[in-house]
Amino acid sequence: KVGYQYWFVDKNFLDGRTLKMSVVDPGSTTHAPHMHAEDEIFFVLEGTAEFILNGETKKGGPYTSFYCPPNSYHGIQNVGEIILKYLVIKKYEQDRSAVKSK
């Protein structure tokens, strides 16, 4: 276990918009770099993050934000000596067939 996630808003609450906080132990990452169709915004609350986007890396501390466009290879890891806390803002596509008409 490398930390935990806390969902403030999950994709079933509204229209696919989500907000979660990830807390990651020093020297760890929640998962390997990956890609998906949705874009994401990461906002660092505490600690030091290394953000990977299409082979390039950037570091950031508290109040740093990182943007990941759709279908981009990305990841984030804790490269600091204290826990890393960051918010993830993302919007999932909704299954329109599940939407009820009035």
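A salt bridge here is a side-chain nitrogen of Lys or Arg within 4 Å of a carboxyl oxygen of Asp or Glu. Keep that in mind, as several stops on this tour are salt bridges.

Before you click, know that this is a predicted model, where local features need pLDDT of at least 70, side-chain atom pairs count only at pLDDT 80 or more, and totals for chains, interfaces and linings use all residues. Residues are numbered from 1 along each chain as its sequence is written, and side-chain values use heavy atoms, with hydrogens and water left out.

**Stop one: the sheet.** Switch to cartoon view and look for 5 strands in an open sheet, ordered E1-E2-E8-E3-E6 with antiparallel pairing. Strands are DSSP runs (E, at least two residues), numbered from the N terminus, and two of them pair if DSSP finds at least two bridges between them. Now select 3-9 and 65-68: these are strands E1 and E6, the edges of the sheet, and each has a single partner strand, so one side of each is left without a neighbour in the sheet.

**Stop two: E3 and E8.** Select residues 40-46 (strand E3) and 84-91 (strand E8); the two run antiparallel and 6 bridges join them. Show Phe43, and you'll find Leu87 of E8 standing opposite.

Is Glu46 buried or partly exposed? At 35% relative accessibility, Glu46 is partly exposed (buried means under 20% relative accessible area, exposed over 50%, partly exposed in between, with a 1.4 Å probe and protein chains only).

Next, pick Glu40 and Lys90, another salt bridge, with the closest N and O atoms 3.9 Å apart. Glu40 lies in strand E3 and Lys90 in strand E8, so the pair ties together parts that are 50 residues apart in sequence. Glu40 is buried, at 6% relative accessibility, and Lys90 is buried too, at 11%.

**Last stop: Arg17 and Asp15.** Zoom to these two, whose side chains meet in a salt bridge (2.7 Å, N to O). Arg17 is partly exposed, with a relative accessible area of 43%, and Asp15 is partly exposed at 28%. How many salt bridges does the rule give? The count comes to 4.

Note on methods
Helices (H or I, at least four residues) and strands (E, at least two) are DSSP runs, numbered from the N terminus.
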